[in-house]
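I opened this structure to see how its parts sit together. My entries follow in the order in which I looked things up.

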Amino acid sequence: MKKGLVHSIQGALSGSLAAACMTVIRMSARRRGIIEKTVPQAVEELLARRTGLGRGAHPVLHHLVDQAMHIAYGATLGVAYAAVARPRRRSRNVVARGLAYGAATWVFGSWLLLPLVKAKQGPWRKRPSENAVDLLAHLAFGAATAIVAEELAAQPNRGPSSDWLRAATRVG
């Protein structure tokens, strides 16, 4: 398989898993009353309103759509990360690189893209606690994307294994 395709698949996997980590952070903040909606919910509501789709639909379908869009967006950003970082082996600065990437995605999405399309207010109009949740979610996204992409790249021996090898391997 071509290296570019391998990097893209690894990036998509790492970005989609990292986007799911963001949801845990945001739902925890919602549970604590810090936020009322997650960013993917606000984006889905904007699109539902603009397209007229989803009127009268069960709320679980709105959850399905907002999370599917968020996972797809995370996968896309993961592909971009893999294209730039080209993770090959384990490095000491993977978390720092991931945090920087997370901060960059926060600036791009929360300061530029989403306020521009009117999906949510810009950070300069939000409470510090809301911005803290959003920034924390993006930092976790970046770190998770970098760690998972690097670990996937560091496992070139994936495939079928014998019963003996699996029994002798530390699995957790």
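**Gln67.** I found Gln67 in helix α3, residues 59-85. Helices here are DSSP runs of H or I with at least four residues, strands are runs of E with at least two, and both are numbered from the N terminus. The model is predicted, so I kept its limits in mind: local features need pLDDT of at least 70, side-chain atom pairs count only at pLDDT 80 or more, and totals for chains, interfaces and linings use all residues. Residues are numbered from 1 along each chain as its sequence is written, and side-chain values use heavy atoms, with hydrogens and water left out.

I then looked up what Gln67 touches. Apart from neighbours within four places in sequence, Gln67 is in contact with Thr23 and Pro40; contact means heavy atoms within 4.5 Å. The side chains of Gln67 and Thr23 also make a polar contact at 2.8 Å. I noted the rule for that term: a pair of N or O atoms within 3.5 Å, where within protein one must be able to donate a hydrogen and the other to accept it, and residues adjacent in sequence count only if both atoms are side-chain atoms.

Next I listed the buried residues of α3: Asp66, His70, Gly74, Ala75, Leu77, Gly78, Tyr81 and Ala82. Buried means under 20% relative accessible area, exposed over 50%, and partly exposed in between, with a 1.4 Å probe and protein chains only. These buried residues pack against α1 (3-31), α2 (39-51), α4 (94-116) and α5.

**Thr145.** I went on to α5, residues 128-153, where Thr145 is placed. Thr145 counts as buried because its relative accessibility is 0%. Not counting residues up to four places away in sequence, Thr145 touches Ser14, Gly15, Ala18, Gly78 and Tyr81. Gly78 and Tyr81 are among the buried residues of α3.

Arg88 is in the loop between α3 and α4. Is Arg88 buried or exposed? Arg88 counts as exposed, at 54% relative accessibility. Leaving aside neighbours within four places in sequence, Arg88 is in contact with Ala153 and Ala154. The C-alpha atoms of Arg88 and Ala149 are 8.7 Å apart, although 61 residues separate them along the chain.

In the loop between α4 and α5 I checked Lys118. Lys118 is exposed, with a relative accessible area of 63%. Its phi is positive, near 65°. Most residues other than glycine have a negative phi.

**The whole chain.** Last, I took the totals. The chain has 6 helices and 0 strands. Of its 172 residues, 35% count as buried. Among contacts with a separation of 6 or more, 77% join residues 24 or more positions apart. The C-alpha atoms fill a box of roughly 55 × 35 × 35 Å along the principal axes.
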